[in-house]
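This report concerns a single protein chain.

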Amino acid sequence: MTNRTGLIARILPGALLMSGCSTVPPASHPAVPVPGAYPLALAAPAETAVQMGWQDFFTDTEMRSLIYRALDNNRDLQAAAARIAQARADVSISGADLAPQVSGSAGMAKVGVPDALARMLRDDTLTSYNGLLQARWEIDLFGRLRKLQAAARERYLASAEARRGLATSLVAQVAAGYLADREYAERLALAHETLANRERALHMLTRRYEVGSGSKIDVTQAETLRTQAAAEIPAIELARAQNRDALAVLVGEPIADSALQHSLAQVGLTQQIRPGLPSALLANRPDIVATEHRLRAAEANIGAARAAFFPSISLTGIAGSSSRDLDGLFGAGTGLWLFRPSISLPIFTAGKLRANLRLSEARRDEMLAAYEATIQGAFRDVADALAQRHWLAEQITTIDQSIVALSERSRLAQLRYDAGRSAFLEVLDAERDRFSAEQKRIQLRRAWLASGVALYAALGGGFSEPEPQRRNP
């Protein structure tokens with residue numbers, strides 16, 4: 001016993017000194033691997049995405065109603081909430097290892113003994129009843145258990161941020177799907193109106209041909225124009241149906257036609273958003289924050305792997321009662337107890353502990369690379385959204401001017417044809433070009449509104465609620 005005590009006394013001071021090297025340094029932000037400012041960033045004062053909650057950004061009542069339904073019903077979001085619950089339970093499990101573990105047991109044992117021993121004991125069977133209370137506590141002297149709990153806590157925080165990121169993405173996808181549906185609705189209305197106008201023109205030219213004041217070629221060209229307008233309708237209807245199906249999956253339930261009635265001009269989304277500096281993404285983007293928590297968890301795992309090189313100290317205590325008769329189990333003279341401190345020091349593990357440390361370090365390096373890649377991807381998302389918002393606005397201005405010119409061209413071509421100074425082909429070309437430009441303008445307006453949604457989401461969005469709650473829009 002004296003030798004063992006002396007061995008422990010010699011080991012512990014050195015181990016305590018070495019344990020100072022096993023602590024994990026606090027994780028720090030690596031240098032941001034992106035430029036210091038965004039191209040085409042707005043200079044005008046405006047709110048940032050985080051300052052503007054999503055309920056303030058998405059003001060259209062129809063869109064907000066769909067978003068609320070999606071937050072309540074989306075299956076991916078429900079799965080993310082379940083992953084948060086799992087991570088929270090894992091934190092509790094790892095934290096429980098820091099506290100003493102107490103258990104109780106009761107049992108009975110019968111042992112048949114050899115004849116020689118039976119004659120001595122005057123019984124060929126030994127019966128024993130016992131009731132025991134056992135406590136065991138591992139003293140976390142070198143921080144292994146605390147590092148494992150810290151890693152579990154960081155994984156929990158990462159899962160919470162992952163859910164916030166998923167919710168932000170879901171809000172943006174629902175808004176984009178709603179905008180696409182409104183685009184298809186306006187393009188369909190334009191196509192039906194154009195088809196009706198061209199059917200009236202075809203009827204008029206057919207009547208002229210029948211009374212001998214028109215030509216067959218004019219009728220054929222008018223029929224071609226009508227057919228082109230009619231062909232647009234099923235193509236747009238197909239795209240709208242596919243988008244509606246995708247939107248229903250996001251929302252988690254079928255969507256009635258009555259829930260989609262507003263025009264693109266009614267949905268708002270014209271607010272200016274200040275992107276701020278790229279460094280602000282480190283705190284605002286859920287995917288970046290989640291990856292940072294995973295990096296911190298990897299750092300904590302390195303600390304646990306280092307602590308595994310040092311002794312493990314535990315205390316075990318047992319108190320209870322044991323008796324040959326069940327009736328006398330808790331009688332006088334049946335008590336027993338045991339106190340057993342122990343220390344376990346790894347001596348030879350065939351390189352297992354060192355390999356586990358290298359594995360933890362390699363995973364940390366992987367997380368660091370993933371962290372930097374996530375920052376770069378976030379910067380690109382914001383830069384792309386800013387570029388889209390700027391250049392789409394330029395295209396809308398240009399096409400507005402083009403439609404004014406094309407409308408005048410179409411009017412003049414019709415006057416020239418009515419006056420007999422040109423063929424109907426000139427009217428055909430003018431009408432075809434104007435219809436295409438008007439369809440393009442609707443698409444550009446939708447794309448410009450969607451770029452605002454993309455920019456809002458790329459900057460981190462304003463989703464901050466831990467759990468989605470249904471509200472009246």
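## Overall composition

A residue is termed buried under 20% relative accessible area, exposed over 50%, and partly exposed in between, using a 1.4 Å probe and protein chains only. On this basis, 38% of the chain's 473 residues count as buried. The model is predicted: local features need pLDDT of at least 70, side-chain atom pairs count only at pLDDT 80 or more, and totals for chains, interfaces and linings use all residues. Residues are numbered from 1 along each chain as its sequence is written, and side-chain values use heavy atoms, with hydrogens and water left out.

The chain holds 11 helices and four strands; these are DSSP runs numbered from the N terminus (helices H or I, at least four residues; strands E, at least two).

## Packing of α10 and α11

Helix α10 (residues 352-418) packs against α11 at an angle of about 160°, and their axes lie 8 Å apart. The two helices are therefore roughly antiparallel to each other, a term for angles over 145 degrees.

## Positions in α11

E438 belongs to helix α11 (residues 424-458). Although buried, E438 has no salt bridge, and R434, the nearest side chain of opposite charge, is 4.3 Å away. A salt bridge requires a side-chain nitrogen of Lys or Arg within 4 Å of a carboxyl oxygen of Asp or Glu. Leaving aside residues up to four places away in sequence, E438 touches L190 and I403, contact meaning heavy atoms within 4.5 Å.

S436 is also placed in helix α11. With a relative accessible area of 42%, S436 is partly exposed. S436 and I403 are separated by 33 residues in sequence and by 9.6 Å in space, C-alpha to C-alpha.

Note on methods
Lys and Arg count as positive and Asp and Glu as negative; His and the chain ends are not counted. Axes are lines fitted to C-alpha atoms, for helices over the stretch in contact, and angles run from 0 to 180 degrees between N-to-C directions. Angles under 35 degrees count as roughly parallel, over 145 as roughly antiparallel, 65 to 115 as roughly perpendicular and the rest as oblique.
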